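Trainee: Could you take me through one part of this structure closely? I would like to start from a single residue and see what surrounds it.

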Amino acid sequence: MDILELADKIINGKRLCREDNTDFFASCDLEKLCTGADRIRKHYMGDRVDMCAVISGKGGRCPEDCKYCAQSVFNKTGCDVYDFIPEEEIVRACKEDEKEGIHRFSIVTAGKALTGDDFKKAVHAYKTMSKECNIGLCASMGFITKEQLEELKAAGVTYYHHNIETSESYFPKICTTHTFSDKLRTLKNVKETGLKICSGGIIGMGETLKDRISMAFSLAEAGADSIPVNILMPVKGTPLEAVETLSEPEILRTIAIFRYVNPDADIRVAAGRKFFTEGGKKAFMSGASAVITGNMVTTSGSTTVSMDKKMFGEIGRII
């Protein structure tokens, strides 16, 4: 398979599907693969870069048993535990990110689903941000209902974030308290509500490259508009604390493959920036078009907004 020729075919409208033989992705020349992915990125996304930031609206005590997560009650990590934070704190952070030129802002909450008074507080905060800020709004609140998604949309939210985490076949090794089908059902509700889908996963949890390719196809089939690619940052006290971290070439290969499979989605570099050299510059020359900037939800970010802006300027990206 000529990987650059495949890139040109994708630019001209070809779409890879799950039934295709994609074994060549594992062995093709990495430099050519990344060059092709960047060519696809430039055609569909241009040179603009999409930056988003998040605030943790509620922390700890999550009843799900995800093996990577610092906030699960099944994992003894000593993470901070707190109830839904004050609206004033959320709006202040949103305004600060808007001043920095960030395009999108999201409240992220721990737990299976945000419900009751906490959800009402979130909706009110989004209504306030819609009135007082000029920034795209995203939400990440677990397995909420279709009716809740409608409420968020009415409050000004345009994207809903809900990661599928990994491939369907590997998922049971990562979580047993909910299913991959539960994830897909939520994404279907998001799409039917008219919100855009932000969904990706974590790589480096012991899965194979075939698992990552399968995840990329699941996201394409779900119609994901934004795909965060997180690199596992092993947390002490979780079952994955001793997992060997991926090399930068493995990460770049994955990002490039995600671009080939999802040519017109934002491939978003998320957690795990410390595993890249030069703040992840190579990732943005291998198919990535977007970033979560600043600090992550449960682990410290290794870059700042100003560092990202400088990097994007060096590679000719438009903020």
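**One cysteine and its surroundings**

Mentor: Cysteine 62 counts as buried, because its relative accessibility is 10% and the cut-off for buried is under 20%. Keep in mind that this is a predicted model. Cysteine 62 sits in the loop between strand 1 and helix 4, which covers residues 87-99.

What does cysteine 62 touch, leaving out residues up to four places away in sequence? The list is Gln71, Ser72, Val73, Gly111 and Lys112. Now try a distance. Cysteine 62 and alanine 113 are 51 residues apart in sequence, yet their C-alpha atoms are 9.3 Å apart in space.

Glycine 111 lies in the loop between strand 2 and helix 5. Is glycine 111 buried or partly exposed? It is partly exposed, because its relative accessible area is 23%. Setting aside residues up to four places away in sequence, glycine 111 touches Cys62 and Pro63. Valine 73, another contact of cysteine 62, is 38 residues from glycine 111 in sequence and 9.8 Å from it in space, C-alpha to C-alpha.

Next, take lysine 112, also touched by cysteine 62. Where does its charged end sit? It is over the ring of phenylalanine 143, 6.0 Å from the centre of that ring. The model has another charge over a ring to look at. Arginine 104 lies over the face of tyrosine 159, and the distance to the ring centre is 4.2 Å. Strand 2 covers residues 104-109, and strand 4 covers 159-161.

Searching the whole structure gives two cavities of 30 Å³ or more. The largest cavity holds about 1000 Å³ of space. Its lining has 48 residues, and those closest to its centre are Tyr68, Val108, His161, Asn163 and Glu165. Which strands each supply at least two lining residues? They are strand 1 (50-58), strand 2, strand 3, strand 4 and strand 7 (226-231).

Glutamate 165 is in the loop between strand 4 and helix 7. It counts as buried because its relative accessible area is 7%. Now check the backbone. Most residues other than glycine have a negative phi. Glutamate 165 is not a glycine, but its phi is positive, at about 80 degrees.

Residues up to four places away in sequence aside, it touches Asp65, Cys66, Lys67, Tyr68, Thr166, Met205 and Leu240. Isoleucine 174 and cysteine 69 are 105 residues apart along the chain, and their C-alpha atoms are separated by 9.9 Å.

Now turn to helix 6, residues 146-154. Its buried residues are Gln148, Leu149 and Leu152. Why are these three on the same side of helix 6? They cover an arc of only 100 degrees around the axis, and that puts them on one side. Glu147 and Ala154 are exposed on the other side of helix 6. The cover over the buried residues includes helix 5 (116-132), strand 3 (136-140), strand 4 and helix 7 (180-193). Just past helix 6 comes glycine 156, with a positive phi of about 115 degrees.

Finish with the rings. The structure contains four aromatic pairs. Phenylalanine 24 and phenylalanine 25 form a tilted pair, because their ring planes are at 45 degrees, with the centres 4.6 Å apart. Phenylalanine 24 is buried at 15% relative accessible area, and phenylalanine 25 is buried at 0%. Another pair is phenylalanine 171 with phenylalanine 180. Their planes are at 70 degrees and their centres 5.8 Å apart, so this pair is edge-to-face. Phenylalanine 171 is buried at 2% relative accessibility, and phenylalanine 180 is buried at 4%. Ring pairs also link Phe24, Phe25 and Tyr260 into a cluster.

Conventions:
Residues are numbered from 1 along each chain as its sequence is written. This is a predicted model: local features need pLDDT of at least 70, side-chain atom pairs count only at pLDDT 80 or more; totals for chains, interfaces and linings use all residues. Side-chain values use heavy atoms; hydrogens and water are left out. Rings of Phe, Tyr and Trp (its six-membered ring) pair if their centres lie within 6.5 Å; planes under 30 degrees apart count as stacked, over 60 as edge-to-face and the rest as tilted. Buried means under 20% relative accessible area, exposed over 50%, partly exposed in between (1.4 Å probe, protein chains only). A charge sits over a ring if NZ of Lys or CZ of Arg is within 6 Å of the ring centre and within 35 degrees of the ring normal. Helices (H or I, at least four residues) and strands (E, at least two) are DSSP runs, numbered from the N terminus. The arc is that of the directions from the helix axis to the C-beta atoms. Contact means heavy atoms within 4.5 Å. On a 1 Å grid over the protein atoms alone, a cavity is a set of points where a 1.4 Å probe fits but cannot get out, and a pocket is an open set with protein on both sides within 12 Å along at least five of seven lines; lining residues have an atom within 4 Å of a point. Grid points are joined across faces, edges and corners, and a volume is the space filled by probe spheres set on the points.
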